[in-house]
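Here is a short briefing on one protein chain. Look over the sequence and the structure first, then read the notes by topic.

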Amino acid sequence: MSVVVDGLEGLRVPEELSARVPAEQRGPGRGRDDVRLLVSRGEAVSHHAFRELPALLRAGDVLVVNTSPTLAAAVDGRLGPEPGGEPVVVHFSTRGDDGRWAVELRSPEPSGSTRPRAGGPAGAVVRLPGGGRLALAGPLTPGSGRLWWARAYGDVPGLLGRYERPIRYGYTERDQPLSAYQTVFARPSPDGGGSAEMPSAGRPFTAGLVAELAARGVWIAPLSLHTGVASAEAHEPPYPERFEVPAATAALVNAARATGGRVIAVGTTVVRALESAAVAGPVGAGASARAGRGWTDLVVTPARGVRVVDGLLTGLHEPEASHLLMLEAVAGRAALRSAYAAAVRDRYLWHEFGDVHLLLPEEKGHRARCGSNSG
């Protein structure tokens, strides 16, 4: 499914606005938090450095963060009988409850990135390094052949630990170590699970910035949602993903809402998890967060709305990305149109190593600042 939000039909993101390396590699003395921050309050926009985030929030606000660690989920393989076979790159997306894996097969490029490839065929075997095997069963979703269920033979966690690398897309300049894809919030999962792709909205945070937020009375509340492989070209809606909202996080969210604090999700993954666990009820007043865990297939749209999220910190998404429906649900169509026009005009950087966008509730009397004071 491809989506274009009304008002973004003619928006084109120039290729040179793709962030090709992490912020800390873009010049001497730079750090992860050396990215720009675009702030939306309704149709008003203002421009900041990410380090200004603590001053933009209030005591009593809650930032909800995703603690899922990023897995090194790409591994080379051969499809077909020995000794040859078609070279493929396997992206391990999601481990099912029955032990199977949802995987994406892609064709390798000489540059080290990959290009799309049709999935399957059913019954085919992918040979992996170290003697591992994947037997392809069938598409994860009928009618879409990008992700396939596969039965793994051999020690997959051990295989990933020895032969893997993080998933990389063609807009990046070179391979990066796994550490470049871990956020300051990442925590190991007891079952060894994690995200196929980085929960990238949390990447610019540093330990020092988190300490400053705490000193200003901003709460940090954790949850986990293990992301699958994104559809970088197809812009499909997200597939079912495993999540857990702890009871303490739900309680903190509800306490903030009861006392006038704002609940700000750090990433679309956090919105999906919180809203999946929210108590069913009318959108807006009366809805509350609750603890929950399991699988979610929720797609947040403007028609569905959001129940417990007031704001969102996220990256900049392609104009056709399905995530834009969620952003519209949080902030409204007019806010999205205004923000994305400003992001292109002021040459913000896109993708997981790029700049970030904070969508806050509109405040009466607030005026957008002119210009940019970001570095």
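Helix H6 (residues 323-331) and helix H7 have axes that come within 7 Å and cross at roughly 115 degrees. Axes are lines fitted to C-alpha atoms, for helices over the stretch in contact, and angles run from 0 to 180 degrees between N-to-C directions. Helices (H or I, at least four residues) and strands (E, at least two) are DSSP runs, numbered from the N terminus.

This is a predicted model: local features need pLDDT of at least 70, side-chain atom pairs count only at pLDDT 80 or more, and totals for chains, interfaces and linings use all residues. Residues are numbered from 1 along each chain as its sequence is written, and side-chain values use heavy atoms, with hydrogens and water left out.

**The H6 and H7 contact**
- H6 contributes Leu324, Leu327, Glu328 and Ala331. H7 contributes Arg333, Ala335, Leu336 and Tyr340. Contact means heavy atoms within 4.5 Å.
- Six of the contact residues are nonpolar, none is polar and two are charged. Ala, Val, Leu, Ile, Met, Phe, Trp, Tyr, Cys and Pro count as nonpolar, Asp, Glu, Lys and Arg as charged, and the others, Gly among them, as polar.

**The sheet**
- Nine strands form an open sheet with mixed pairing, in the order E2-E1-E16-E15-E13-E3-E11-E12-E14. Two strands pair if DSSP finds at least two bridges between them.
- Strand E2 (44-49) and strand E14 (292-296) are the edge strands, and each pairs on one side only.
- From one strand to the next, the twist averages 20 degrees.
- Helix H4 (residues 247-258) packs on the sheet, touching strands E3, E11, E12 and E13. The direction of H4 makes about 130 degrees with that of E11.
- H7 (residues 333-345) also packs on the sheet. H7 touches E1, E2, E15 and E16, and its direction makes about 155 degrees with that of E1.

**Strand E15**
- E13 (residues 263-266) runs parallel to E15, joined by three bridges. Alanine 265 stands opposite leucine 312.
- E16 (residues 356-360) pairs with E15 in the antiparallel sense over four bridges. Threonine 314 faces histidine 357, and glycine 315 has valine 356 as its bridge partner.

**Confidence**
- Mean pLDDT (the predictor's confidence in each residue, from 0 to 100) is 87 for the chain, and 90% of residues reach 70 or more.
- Residues 366-375 have pLDDT below 50, with 20 contacts beyond near neighbours in sequence.
- Where pLDDT is low, the predicted coordinates should not be read in detail.
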